[in-house]
Amino acid sequence: MADKPVLWITRKLSDATEARAARDYDVRLNPQDRLFTADEIVAMSGEVDAILPCHSEHFNADVVASMSPRVKIVANHSVGVDHCDLNALKAKGVVVTNTPDVLSDATAEIALLLMLAAARRAGEGDRLVRAGVWNSWSPSFMVGTQMTGKRLGIVGMGRVGRAFARIVQGFGMEIHYYNRSRLSPELENGAIYHASVEDLLPHCQFVSLHCPATPETVDLINEARLALLPDGAILVNTARGALVDETALIAALKSGKVAAAGLDVFKVEPGGNPELAKLDNVFMLPHIGSATRETRDAMGFRALDNLDAFFAGGEPRDRLV
Ligand code: DGY
């Protein structure tokens, strides 16, 4: 029997994922779940045939150029691949895959949590009760914004955007969207298409970002675009921190142009933005959109499905390059 391919799983994954990987591959695991440096990634590349990384490992042009030609496939555990220089990996002949579909519902759930929390001042309320300083109640106390019946703009109507649209239909929201191309009526499911972000934003009492981070979408939400929102709009970002100019968002949150924001992703991760953290009208989570037991298993299995197809000589289902 031929030797099993050597597979490096860079982070601690779900037990079920690691068990399946250990059954089918000669695995190198990371039980301490420590973060590897770029130099360590390069060094490790000489010892393995395949890498199963997360978005925490950066395969930029320098890393890819220094990687051993032994690595034949980078099978990401994430749907987002902004941590990978796809052109550099393609030029080196490395196959790259991701994990679409399987995290859409979990991420849509977190978008809903952020939207409700931002609109209804959940962070502020939690801090107040937790600190033991909740000492009065009146009809004017902690009044927020209701989602029901409002207009929601979705930027990026891919799988996650559509999953979120399905959920918020239960709130009777009128859904508007921008996408690079218009969806079929079936996928649109009643949502109203806008041909540009500029056309979309003036309609958005709520806006939720669901597009990938690419060179074209960096700072997609900037000062000029924030100015297009109706006063008191609420912004949610579960996609990538790169999409938002945080300095412009902070100014809009301070002026009230944006009433509140719900953010799961930041320009700097881990860590976030200390200036955002000073604002009461921001509800923040530490990039946990896909962090459910069910979805972690599904992400791991999808990455392994892609590896299995590759090493069986077939075409991985989620091949990007
Ligand atoms: C993804 O899959 O892109 C999530 O952000 C977790 O990495």
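Two salt bridges are found across the interface of domain 1 and domain 2 in this predicted model. A salt bridge joins the side chains of Arg159 and Asp101, with a nitrogen-to-oxygen distance of 2.6 Å. Polar contacts also cross the interface of domain 1 and domain 2, where three residue pairs, both members at pLDDT 80 or more, were identified. On the side of domain 1 that touches domain 2, two residues are charged, three are polar and one is nonpolar.

The two domains follow from the domain assignment of the protein, in which domain 1 is made up of two segments, 6–101 and 293–311, and domain 2 covers 104–284. Contact between them involves six residues of domain 1 and six residues of domain 2. Together the two domains bury an area of about 530 Å², and carbon and sulfur atoms account for 41% of this area. Of the area that domain 1 buries against domain 2, 68% comes from His55, Asp82 and Asp101, a larger share than any other three residues supply. The C-alpha trace of the protein extends over about 75 × 50 × 35 Å along its principal axes.

Terms used. Residues numbered from 1 in each chain as written. Predicted model: local features only at pLDDT ≥ 70, side-chain atom pairs only at ≥ 80, totals over all residues. Heavy atoms only, no water. Domains from an automatic or database assignment. Contact = heavy atoms within 4.5 Å. Buried area = accessible area lost by both parts, 1.4 Å probe. Salt bridge = Lys/Arg side-chain N within 4 Å of Asp/Glu carboxyl O. Polar contact = N/O pair within 3.5 Å; in protein donor to acceptor, adjacent residues only side chain to side chain. Nonpolar A, V, L, I, M, F, W, Y, C, P; charged D, E, K, R; others polar.
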